[in-house]
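Please read the following briefing alongside the sequence and the coordinates.

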Amino acid sequence: MDNRVVITGIGIWSCIGQNVEQVRQSLYEGRSGIGVEPERITYGYRSSLTGIVPKPELKAFLNRRQRIGLSEEAEYAFMAAKEAFDMAGVDGDFLDAHEVGILFGNDSSARPVIEAARIMDEKHDSAMLGSGLIFQSMNSTVNMNLSTIFRLRGINFTVSAACASGSHSIGLGYMFIRNGLQDMVLCGGAQETNYYSMATFDALSSFSVRMDEPQKASRPFDASRDGLIPSGGAGAVLLESYESAKRRGARILAEVTGYGFSSNGKGISQPNDEGSVIAMSRALRDAGIRTSDVDYINAHATSTPQGDMCEAIALKQMFSGQKAVISSTKSMTGHECWMAGASEVVYSVIMMQNSFAAPNINFEHPDEYSSGLRIIPETVNMKIDTVLSNSFGFGGTNSALVLRNGNGL
């Protein structure tokens with residue numbers, strides 16, 4: 001089977017906004033959500049920079065029993081998923097009557113693991129742990145909680161693929177629907193923002209230390225970039241077969257037309273331009289398009305010297321002289337890690353629906369690799385029909401997605 005796969009709902013909880021409308025405004029205005037958290041320095045970090053993500057208030061939506069098993073990232077994911085379902089016109093009655101799946105990207109749940117260890121070290125009694133920490137501490141915390149809360153009965157597993165997790169979840173959901181195995185799948189990615197979760201990244205000296213100018217610290221592709229800024233939240237995308245969407249009379253926001261993937265097979269933390277090219281080429285081939293058809297590229301670029309260099313080399317190899325404009329929304333959001341591939345699809349759909357390309361803020365001085373690429377430092381008002389979204393992660397995992405504007409479908 002070869003079913004068409006469309007997006008009928010999106011949801012977002014991030015440092016640049018806690019719903020689609022807030023995020024639209026931030027993207028258009030080039031507004032950063034990055035700040036400092038002094039506790040990180042006290043804890044032992046080199047850098048106090050982070051995306052500032054507010055904690056959701058869930059009492060209006062969930063009872064205590066439902067809330068107690070939610071990790072931080074699962075709380076973010078609930079809010080994003082609720083917005084996506086609401087936007088798509090999918091309510092509890094629909095979910096009870098239809099089989100809907102869930103595939104979410106998540107690759108850590110640090111705080112509950114550390115909290116449980118501290119209790120055991122102090123009390124030496126597992127009875128003191130309570131019942132919630134087990135459901136918060138597993139990597140599958142998002143899937144197990146959301147599938148229970150929304151009573152989902154379709155495909156259900158977690159995608160754990162470093163910073164490509166959210167993108168791979170959408171790619172896999174696309175494949176399940178395209179092959180006729182599901183009609184509707186909630187996909188996305190979630191990332192905790194507590195400082196327990198990012199100390200090991202800081203140990204690699206991978207974070208920017210530009211703490212005197214937080215909102216200028218994330219500088220993808222810029223010659224003066226000195227590292228990424230950790231961030232998080234959750235992004236949710238409701239995928240649906242075209243036939244199901246038309247049958248429901250749902251508004252189609254976008255169509256997923258291509259998914260590409262690869263593994264670098266080299267150093268565990270070493271980016272690679274060859275693997276990036278393979279993933280992008282495979283996505284374009286799957287979509288049946290050429291590089292000249294792409295209007296906008298949402299780059300993975302995290303603001304690290306080596307990672308941005310490798311992606312710029314790959315982009316120049318494929319898109320030099322083409323019309324596609326390029327930006328990394330991480331210049332505003334920081335690196336949203338496990339959620340990034342999903343949130344950046346949400347950001348791209350928002351841009352397509354509102355006819356603009358968001359800026360790569362803080363891009364002031366191209367280096368030898370980014371020079372010549374059509375990286376946009378300011379918002380561009382333009383019609384966007386086709387998007388390529390890149391996500392790459394530790395271990396050499398690469399994912400690329402091609403999206404088509406849903407207007408008129």
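A disulfide is taken here as a pair of cysteine sulfur atoms within 2.5 Å. By that criterion the count of disulfides in this predicted model comes to zero.

**Cysteines**

- The cysteine sulfur closest to that of Cys163 belongs to Cys337 and lies 4.4 Å away, which is too far for a bond because a disulfide needs the two sulfur atoms within 2.5 Å.
- Cys163 is itself buried, with a relative accessible area of 6%.
- For Cys187 the closest cysteine sulfur is that of Cys163, at 19 Å, and this distance is likewise too far for a bond.
- Cys187 is also buried, at 0% relative accessibility.

**The chain as a whole**

- The secondary structure of the protein chain comes to 15 helices and 14 strands.
- The radius of gyration of the protein chain is 20 Å, close to the 22 Å that the globule rule gives for 409 residues, and the chain is therefore as compact as a globular protein of that length.
- Taken along the principal axes, the C-alpha atoms of the protein chain fill a box of roughly 65 × 55 × 40 Å.
- Of the 409 residues in the protein chain, 60% count as buried.
- Among contacts in the protein chain with a separation of 6 or more, 79% are made by residues 24 or more positions apart.

- Strand E4 (residues 101-105) is largely enclosed by the rest of the structure, because five of its five residues are buried.
- In a regular strand the side chains alternate between the two faces of the sheet.
- In E4 both faces are covered, with Gly101, Leu103 and Gly105 buried on one side and Ile102 and Phe104 buried on the other.
- Strand E6 (residues 184-191) pairs with E4 in the parallel sense over five bridges, and in this pairing Ile102 stands opposite Leu186 of E6.
- Strand E5 (residues 156-159) also pairs with E4 in the parallel sense, over four bridges, and here Leu103 stands opposite Phe157 of E5.

- Helix H8 (residues 141-149) is largely enclosed by the rest of the structure, because seven of its nine residues are buried.
- The buried residues of H8 are Thr141, Val142, Asn143, Asn145, Leu146, Ser147 and Ile149.
- These buried residues pack against helices H3 (64-68), H4 (72-88) and H7 (133-137), and against the strands E4, E5 and E6.
- After H8 comes Arg151, whose phi is positive, near 60°.
- Ile134 is found in helix H7 and counts as partly exposed, at 45% relative accessibility.
- Although Ile134 and Leu70 are 64 residues apart in sequence, their C-alpha atoms are 9.9 Å apart in space.

**Helix H13**

- Helix H13 (residues 305-319) has 15 residues and reaches 21 Å from its first C-alpha to its last, close to the 21 Å expected at 1.5 Å a residue.
- The buried residues of H13 are Asp308, Cys310, Glu311, Ala312, Ala314, Leu315, Met318 and Phe319.
- The elements that cover these buried residues include helix H12 (273-287) together with the strands E9 (296-298), E10 (325-327) and E13 (386-393).
- H13 is followed by Gly321, whose phi is positive, near 85°.

**Ser327 in strand E10**

- Ser327 lies in strand E10 and is buried, with a relative accessible area of 0%.
- A polar atom of the Ser327 side chain lies 2.8 Å from the backbone oxygen of Ala358.
- Leaving aside neighbours within four places in sequence, the residues in contact with Ser327 are Tyr296, Ile297, Asn298, Ala299, Ala358, Pro359, Asn360 and Ile376.

**Ile289 in the loop between H12 and E9**

- Ile289 has its place in the loop between H12 and E9 and counts as partly exposed, at 22% relative accessibility.
- Ile289 and Thr386 are 97 residues apart in sequence, while their C-alpha atoms are 9.6 Å apart in space.
- Not counting residues up to four places away in sequence, Ile289 touches Leu284, Val294, Thr386 and Val402.

Terms used:
Residues numbered from 1 in each chain as written. Predicted model: local features only at pLDDT ≥ 70, side-chain atom pairs only at ≥ 80, totals over all residues. Heavy atoms only, no water. Buried < 20%, exposed > 50% of the residue type's maximum accessible area, 1.4 Å probe, protein only. Helix = DSSP H or I, 4+ residues; strand = E, 2+ residues; numbered from the N terminus. Expected span 1.5 Å × (residues − 1). Contact = heavy atoms within 4.5 Å. Polar contact = N/O pair within 3.5 Å; in protein donor to acceptor, adjacent residues only side chain to side chain. Pairing = 2+ DSSP bridges. Rg over C-alpha atoms; globule rule 2.2 N^0.38 Å.
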